[in-house]
Amino acid sequence: MAEKMAMAKAINESLRRALDADPKVLVMGEDVGKLGGVFRVTDGLQKDFGESRVIDTPLAESGIVGTAIGLALRGYRPVVEIQFDGFVFPAYDQIVTQLAKMHARSLGKVKLPVVVRIPYGGGIGAVEHHSESPEALFAHVAGLKVVSPSNSSDAYWMMQQAIQSDDPVIYFEPKRRYWDKAEVDPEAIPAPLHKARVVREGTDLTLAAYGPMVKLCQEAADAAAEEGKSLEVLDLRSVSPLDFDSVQASVEKTRRLVVVHEAPVFFGSGAEIAARITERCFYHLEAPVLRVGGYHAPYPPARLEETYLPDLDRVLDAVDRSLAY
């Protein structure tokens, strides 16, 4: 039976299902046990599965990921939580030089089924190092899968698929959407992990986004519809690999594309999408691919974050500029 639940609850239920189904699944991280995580995403899991399955770790991200790699080598499937996006960098070396490389280094003999959960993005009024969007840094690294759900149903099923993957998955959780509710059906047949999905049909322009910006793009499509503009909203869901075929199919229909993400526009994931779609759809495009994102500047104090983050006006301005060509 489908149940309406917040994204944080959906991830909790997905972790619970995985822990129950496979004794080799472990949950690790700072305060994930007794506290249940700072966002309570792992609430109750240690109580139900014990301290040997849901493990409170020291404040040492490099050690957490390094330990998870060792456990994966011994046949476990660790799910690691990095408490906040800006805390991942002490573990970056372990992730990009060990976790991402071991499969190729061993000529395919060694698999590291590790999931690294990272709450990311802004919109919660947090302090420095708590609102970053570093997904492009990981998407650039061969050997890592990088995904980000935008709703509770995807959060549930994409976590199941990430845990079942024999390759390491960086699972970015849009923290500003933790409390948004949507239907979750534990008996549904999920879409493939790296398949994009059209969440709103349109004919005039495609808005492509993932994670926290999908909801904003849906709001932009609603606002544009009041002016007679038909916008298609494409939830990319996966950043690496990225479903370019679905983006291409949408752009061939609408002939215009605006890519939206919280991360800075400069060298962001939107740049790769823009370049690839320009190559694939050159004779279909009626306007250059435009990008909306954060500024090339350090994430600001909480009182200024609404100015920094993409908002409805910035998305609609890009829509107007594209349609003006």
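Leaving aside its neighbours within four places in sequence, which residues is Ser62 in contact with? They are Pro90, Ala91 and Gln94. This is a predicted model, and the briefing below walks through two helix pairs in it: helix 1 with helix 7, and helix 3 with helix 4.

**Helix 3 and helix 4**

- Helix 3 covers residues 61-73, and helix 4 covers residues 92-99.
- An angle under 35 degrees counts as roughly parallel, and that's why helix 3 and helix 4 are described as roughly parallel to each other.
- On the helix 3 side, the residues that meet helix 4 are Ser62, Val65, Gly66 and Ile69. Their partners in helix 4 are Gln94, Ile95, Gln98 and Leu99.
- Sorted by class, that contact has four nonpolar and four polar residues, with no charged ones.

**Two residues to look up in this pair**

- Ser62 is part of helix 3. It counts as partly exposed because its relative accessibility is 27%.
- Ser62 and Phe87 are 25 residues apart along the chain, and their C-alpha atoms are separated by 9.9 Å.
- Over in helix 4 you'll find Asp93, which has 49% relative accessibility and so counts as partly exposed too.
- Asp93 and Gly66 are 27 residues apart along the chain, with 9.6 Å between their C-alpha atoms.

**Helix 1 on its own**

- Helix 1 runs over residues 7-21. It has 15 residues and reaches 21 Å from its first C-alpha to its last, close to the 21 Å expected at 1.5 Å a residue.

**Helix 1 and helix 7**

- Helix 7 takes in residues 152-164, and its axis comes within 8 Å of the helix 1 axis, crossing at roughly 30°.
- That crossing angle makes helix 1 roughly parallel to helix 7.
- As for handedness, the crossing of helix 1 and helix 7 is right-handed.
- From helix 1, the contact takes in Met7, Ala10, Ile11, Glu13, Ser14, Leu15, Arg17 and Ala18. From helix 7, the residues they meet are Ser152, Ala155, Tyr156, Trp157, Met159, Gln160 and Ile163.
- By class, the contact of helix 1 with helix 7 has ten nonpolar, three polar and two charged residues.

Conventions
Residues numbered from 1 in each chain as written. Predicted model: local features only at pLDDT ≥ 70, side-chain atom pairs only at ≥ 80, totals over all residues. Heavy atoms only, no water. Axes fitted to C-alpha atoms, helices over the stretch in contact; angles between N-to-C directions. Helix = DSSP H or I, 4+ residues; strand = E, 2+ residues; numbered from the N terminus. Parallel < 35°, antiparallel > 145°, perpendicular 65-115°, else oblique. Left-handed = near helix turned anticlockwise from the far one by under 90°. Contact = heavy atoms within 4.5 Å. Nonpolar A, V, L, I, M, F, W, Y, C, P; charged D, E, K, R; others polar. Buried < 20%, exposed > 50% of the residue type's maximum accessible area, 1.4 Å probe, protein only. Expected span 1.5 Å × (residues − 1).
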